Amino acid sequence: MSDSQPVYAGIDVSKDALDLALGQQGKVIRFPNDSAGHVALGKALTKLTGPVGLVVLEATGGYEFTCAAYLQGLGLAVAVVNPRQARDFAKAMGHLAKTDRIDAQGLAHFASVLATHEDLQRYTTALPNAEQLALRALVVRRGQLVKMQTAENNHLNTGVATAKKSIKAMIKSINTQLRHVEDEIAAHIKAHSAELAKKLVAVRGIGEKTAAVLIAQVPELGKLNRREIAALAGLAPMNHDSGRFKGKRTIQGGRADVRTGIYMATLVAIKHNPVIKQFYDRLVAAGKLRKVALVACMRKLLTILNAMVRDDKPFNFSLHGLPEKA
């Protein structure tokens, strides 16, 4: 390949394997999805005679994170895209069949198009580092344990007497694991993200658990504009208009764990944070449905946090027309 001709790469990710396509019609090479495989894949990309324009991976349940972060650490431009976006693009290009090879080549084609996109930086924002990945694993595990705890408590309320001894033992075990994981999360944040956590929890409504979710799941916090950060959490209103039809604006997509954390924080903020409470009351008084007003408050709270991290400044009531110590 010519030195001036960039190579666009697509990587189809699964739990055990990484299928690398060099160009939309290029050769597909399989690597194991482990540390040795990441190193071998990185060497395959960095030893190409032409420059690598962009590497695109599809978000696959977290199996892509370590590889993507490693490749970005090598200085490569890496984008992790939504699976639905990748599949819609493939269908639009006429690729109706679905195999690992076809998917990898489709992602390489997507990379060549995405590389010319005016908002490319939104897709290639710095990926989580090793510390963030470790915290993310703990936060995800906590969420899993909470779901298990809820399920077992429901079983306790509905189960017959002969099963309750087992259910109670399981709840006790889950509670113990939950305490251990929460202690690990607190220790990790104290060691690596204490200042950021302190800034976030100083905002009324944001507790330690929500702060942990934001630190772990939103490495882009402070690096995107207000609409981009809202879209990332699935809180940006999307138009549904066509011809004379004017549909309702709705939210969709985004990171569900982040949206859930912001939802819980906003419920508290509506009662105890004067800025969010005032905004919510004004929307409701203007005739907005309470659900719509709540989503707007979620979006406002997230954009406030994003601006605080971006500007490296604490929450300031005066910026919202309220006394400094409201």
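Before we look at two helices that pack together, let me say that axes here are lines fitted to C-alpha atoms, for helices over the stretch in contact, and that angles run from 0 to 180 degrees between N-to-C directions. Helices (H or I, at least four residues) and strands (E, at least two) are DSSP runs, numbered from the N terminus. What you see above is a predicted model, in which local features need pLDDT of at least 70 and side-chain atom pairs count only at pLDDT 80 or more, while totals for chains, interfaces and linings use all residues. Residues are numbered from 1 along each chain as its sequence is written, and side-chain values use heavy atoms, with hydrogens and water left out.

With that in place, the axes of helix α9 (residues 208-217) and helix α11 (residues 256-272) come within 9 Å and cross at roughly 150°. That angle makes α9 roughly antiparallel to α11, a label used for angles over 145 degrees, whereas those under 35 count as roughly parallel, 65 to 115 as roughly perpendicular and the rest as oblique. Which residues make the contact, meaning heavy atoms within 4.5 Å? On α9 they are Thr210, Val213, Leu214 and Gln217, and on α11 they are Asp257, Val258, Gly261, Ile262 and Ala265.

Let me turn now to the sheet. Five strands form an open sheet in the order β3-β2-β1-β4-β5, with mixed pairing, where two strands pair if DSSP finds at least two bridges between them. The edge strands are β3 (28-32) and β5, each of which pairs on one side only, and the twist averages 25° from one strand to the next.

Going through the pairs, strand β2 (residues 17-22) runs antiparallel to β3 over five bridges, and Asp19 stands opposite Arg30 in β3. In the hairpin of these two strands, β2 and β3, five residues lie between the strands, and Gly23 takes a positive phi near 90°. Strand β1 (residues 7-13), by contrast, pairs with β4 in the parallel sense, again over five bridges, and here Ala9 stands opposite Val55 in β4.

Finally, β4 (residues 52-58) also pairs in the parallel sense with β5 (residues 78-81), over four bridges, and the bridge partner of Val56 in β5 is Ala79.

How values were computed:
Contact means heavy atoms within 4.5 Å.
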